[in-house]
Amino acid sequence: MARLLLVEDDLTIRTPLLRALRERGHAVAAASTALDGLRDALDDRPDLVVLDLGLPDLDGGELLRMLRAVSPVPVIVATARDDEAEIVRMLDAGADDYLVKPFTAAQLDARVRAVLRRSAGDSATDPVLVVGGLRIDPRARLVTLDDAPVELTPREFDLLHHLAGRPGQVVTKRELLTEVWRIPYGGADKTVDVHLSWLRRKLGESAQEPRYLHTVRGVGVRLDAPGSTR
């Protein structure tokens, strides 16, 4: 039985979702404001948070950022906002999935189970990855470069971790968008370029003078230890 927290202020949505998720075997608590949701998430430590963005006291995006600062709890954003830029922004801020209203309880339950499976797999089986002077610890979500800590956003960490799991392999933007951002390939592929640029800066390199992140034009990107020959 998963313990879920539903942060949703609309009673006409919250009540049937609570009933449907409980009928599917979940233990579900609810909060109608961002601050109540933050308190319940920290006090009760649910297995997953389902978060609406249109909350009466704070935007749900602010609550997501507050949660990510103090907790690794998986978060599914469930909202009426369907703008692609907003979807990318929330995934970059640390959301594990994004569901656009209207949706059925069965769709939400499937997303919940999928995110929980990924989360359980990540925490149980992911080893520390070492590529050259890079050390990536997925359980602690810590990165060091030549023994110095590297401060990354949640999405930058996920991007680096995915690439480090395939050292020496060219990874396409399609794969990165699907596996890291969990969104279909399309116009949002520009976000990969932006995040790679930010990641390079934090690793002390550039596209013109790469050390770890090598662009293969028209194909994707490859993570290699400095000095590797390809």
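**Exercise 1. Classify Asp 193 by accessibility, then find its salt-bridge partner.**

Asp 193 has 29% relative accessibility, so it counts as partly exposed (buried is under 20% relative accessible area, exposed over 50%, partly exposed in between; 1.4 Å probe, protein chains only). The model is predicted: local features need pLDDT of at least 70, side-chain atom pairs count only at pLDDT 80 or more, and totals for chains, interfaces and linings use all residues. Residues are numbered from 1 along each chain as its sequence is written, and side-chain values use heavy atoms, without hydrogens and water.

Next, the partner. Lys 173 meets Asp 193 in a salt bridge at 3.0 Å, N to O (a side-chain nitrogen of Lys or Arg within 4 Å of a carboxyl oxygen of Asp or Glu). Lys 173 lies in helix α7 (residues 173-181) and Asp 193 in helix α8 (residues 190-202), 20 residues apart (helices are DSSP runs of H or I, at least four residues, and strands runs of E, at least two, numbered from the N terminus). Lys 173 is partly exposed too, at 25%.

**Exercise 2. Describe the largest nonpolar core.**

Count first: 48 residues (a core is a set of buried Ala, Val, Leu, Ile, Met, Phe, Trp, Tyr and Cys residues joined through side-chain atoms within 4.5 Å). Leu 134, Leu 163, Leu 176 and Leu 223 have the most contacts inside it (contact means heavy atoms within 4.5 Å). Helix α6 (residues 154-164) gives the most, with 5 residues.
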